[in-house]
Amino acid sequence: MKLTALFASAAMVLGLATGAVAQDKTKIGFVYVGPVGDGGWTYEHDQARQAVVAEFGDKVETVFVESVPEGPDSERVMTQMALNGADLIFTTSFGYMDSTINVAKKFPNVKFEHATGYKTAPNVSVYSARFYEGRAVQGHIAGRMTKSNIVGYIGSYPIPEVIRGINSAYIHAKKVNPDVQFKIVWAYTWFDPAKEADAAKVLIEQGADVILQHTDSTAPQAAAKAAGNVITFGQASDMSEYAPSPRVSSIIDNWAPYYIARTQAVMDGTWESVNTWDGIGAGMVGIGEISDAVPAEIKAEALALKDSIAAGDYHPFTGPIRKQDGSAWLAEGEVADDGTLAGMNFYVEGIEGDIPN
Amino acid sequence: MDLSSINPVLLIASLMVAATPILLAAIGELVVEKAGVLNLGVEGMMITGAICGFAIAVETGSPWLGFGGAAIGGAALSLLFVLLTQVALANQVASGLALTLFGLGLSALLGQRYVGIKPPPTPRLDIPLLGDLPVVGPILFGHDLILYLGIALIAAVWAALKYSRAGLILRAVGESHDAAHALGYKVVRIRILAILFGGACAGLGGAYISLVRVPQWTEGMTAGVGWIALALVVFASWKPWRVLLGAYLFGGITVLQLNLQAAGVAIPVEYLAMSPYLITILVLVILSKDKSRAPASLGKIFHASH
């Protein structure tokens, strides 16, 4: 009994001691949906975390928990981080949205940053990248490169972010190749290499020679490589280990500048709830090097498209665009507003199939 | 909707590949459970096998050495379970869960140097005449050896449990370890062998994912297959051929639903996505109406002094 009491008080003293030391440091928590070694989405978030550590050194302390399921488990993880004294918590998946809002209510002094969501609160910011700008470039290359005119698309969940990507890729593929057809498979997972590989194989078996993916692992790249004569694009991360073929280009998420800026804001006490949505121009979305497997002419077109998007001269959703059911959406020259894009729940004209509810 | 774009031959050939990891892990777990031990660490042993097999295949350039290493790796991890449950007499459920968590962490650590590397290809069986047959060729003769090994293991386990003396003793240990002990059988030793066999099978199943089905190494790449294998053993009423049926059903419907989606069939995707789980459970539950039950000593701790 005495011994345990001794241990307990020793632990308390230790706890107080570390608490006192930790007070100078800004403590930042990261909640990841996949493992840091996924080679895609979570990998890039963790690269940005390391950039924060490199930038601030001893002034920050970061903690992360990987492979946190979306749902009640994530709420538990966030609560634990907040209880352990985190000043700022990045929750890096769409499915953490409601959990983030719930936990933020309980800890008004802790700042939260939720990726790709749309619900904000006084202590909850949202941030996302305009991945659809990168999808436009991919769609262009896909439309020009496909010989079978079938493009396979591995979707994760039918949420606006993914649907935006499909629409943007389709519009730009169709522009350069009127015969192009999209085959879309919903994997209902962000990360399951075996399932992603299966989905890629199925699409290839059904004639697709271009695979676009909105899931996080490199498994579809491996499946495409095994099949041969199929091109793919790196998703979230460069996935350059599959270059020059099958991976011919990629969308790279670059969160580091944002994470560093937000950490600085917390340190300075200037943190405010904001809604950030940056694209190629601001550097949040990067286009990975277009490999030699793409003919120089197509590469030049793709880069020109990228530059015009980056400069703000061209918006990937510029009318005339109709919805899938044929009703008008954007008139000639009209540009989609962010509100519609953020909640996009319809396919554009020409895409076959229904969006799952 | 365009069903003609689905090629049934390719579909069957790829469902066999999709089913093999589950099948290998499940047949191993079946033997373990038949010996009266509940090892919930299948997922952990699979992922350990996946990285051990991948690393050894990459380092040596031989997929066969890789599969051998995967079996040894899976069995080595199950040795930890042996220590906990057979020597230290710890709770099997808790030990199994711990084994899964440990295996996931250990594999992530071992695999750090292997992200983004391509493994040596596993050669397919290449029989000159048979492999060129129109429909039967790709389905029956166009796979790698491990896939056939999986089917052979099912047959071997079935025959051994049903006809051999060793199988009878194993079942006796699983049904009543006290009676088996009274008859002079080495309960603990038999169980240790069964657990090692289960570990080796799970390791093979994991390596099949990292070397054949995907093929690459990614952290956490088994993504719950081990748990499906565990459930399959129960729903298959501890019968080897039903494990095969269940694994093929599950693998088959998983691949089929992706095919249907890509072909644009007008069934809501939500139903398609849940169909592998639903149909597999349904079929096996209907089959198991014949009063089959779990081994009586399943999950109970044995100590010779009792």
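Reader: What makes a residue a contact of A:Thr232, leaving aside its neighbours within four places in sequence?

Author: Contact means heavy atoms within 4.5 Å. Leaving aside neighbours within four places in sequence, A:Thr232 is in contact with A:Ile211, A:Pro220, A:Gln221, A:Ala224, A:Pro246, A:Arg247, A:Val248 and A:Ser249. This is a predicted model, in which local features need pLDDT of at least 70 and side-chain atom pairs count only at pLDDT 80 or more, while totals for chains, interfaces and linings use all residues. Residues are numbered from 1 along each chain as its sequence is written, chains are lettered from A and ligands numbered from 1 in the order in which they are written, and side-chain values use heavy atoms, with hydrogens and water left out.

Reader: What makes the pairing of the A:Thr232 and A:Gln221 side chains a polar contact?

Author: A polar contact is a pair of N or O atoms within 3.5 Å; within protein, one must be able to donate a hydrogen and the other to accept it, and residues adjacent in sequence count only if both atoms are side-chain atoms. The side chains of A:Thr232 and A:Gln221 make such a contact at 2.7 Å.

Reader: Which side chain makes a polar contact with that of B:Asn259?

Author: The side chain of A:Gln206 does, at 2.9 Å. Beyond neighbours within four places in sequence, B:Asn259 is in contact with A:Val202, A:Gln206, B:Ile6 and B:Leu11. B:Asn259 belongs to helix α11 (residues 240–263) of chain B and counts as buried because its relative accessibility is 2%.

Reader: Why are B:Leu211 and B:Leu133 classed as they are?

Author: B:Leu211 has a relative accessible area of 3%, so it is buried. B:Leu133 has 36% and is therefore partly exposed. B:Leu211 sits in helix α9 (residues 187–213) of chain B, and the residues that it touches, not counting those up to four places away in sequence, include B:Phe54, B:Phe67 and B:Pro119. B:Leu211 and B:Pro119 are 92 residues apart in sequence and 6.5 Å apart in space, C-alpha to C-alpha. B:Leu133 lies in the loop between α4 (92–110) and α5 (136–141) of chain B; leaving aside neighbours within four places in sequence, B:Leu133 is in contact with B:Pro138 and B:Phe141.

Reader: What makes a group of residues on chain B a nonpolar patch?

Author: Like charges are joined within 9 Å, and nonpolar side chains (Val, Leu, Ile, Met, Phe, Trp, Tyr) within 5 Å. B:Leu80, B:Leu83, B:Leu84, B:Val87 and B:Phe102 form the patch, with about 420 Å² of accessible area together. Helix α3 (residues 63–87) of chain B gives the most, with four residues. B:Val87 is in helix α3 and counts as exposed because its relative accessibility is 57%.

Technical notes:
Patches are made of residues with over 30% relative accessible area and no salt bridge: like charges are joined within 9 Å, nonpolar side chains (Val, Leu, Ile, Met, Phe, Trp, Tyr) within 5 Å. Accessible areas come from the Shrake-Rupley method with a 1.4 Å probe; for residues, only the protein chains shown count as cover. A salt bridge is a side-chain nitrogen of Lys or Arg within 4 Å of a carboxyl oxygen of Asp or Glu. Helices (H or I, at least four residues) and strands (E, at least two) are DSSP runs, numbered from the N terminus. Buried means under 20% relative accessible area, exposed over 50%, partly exposed in between (1.4 Å probe, protein chains only).
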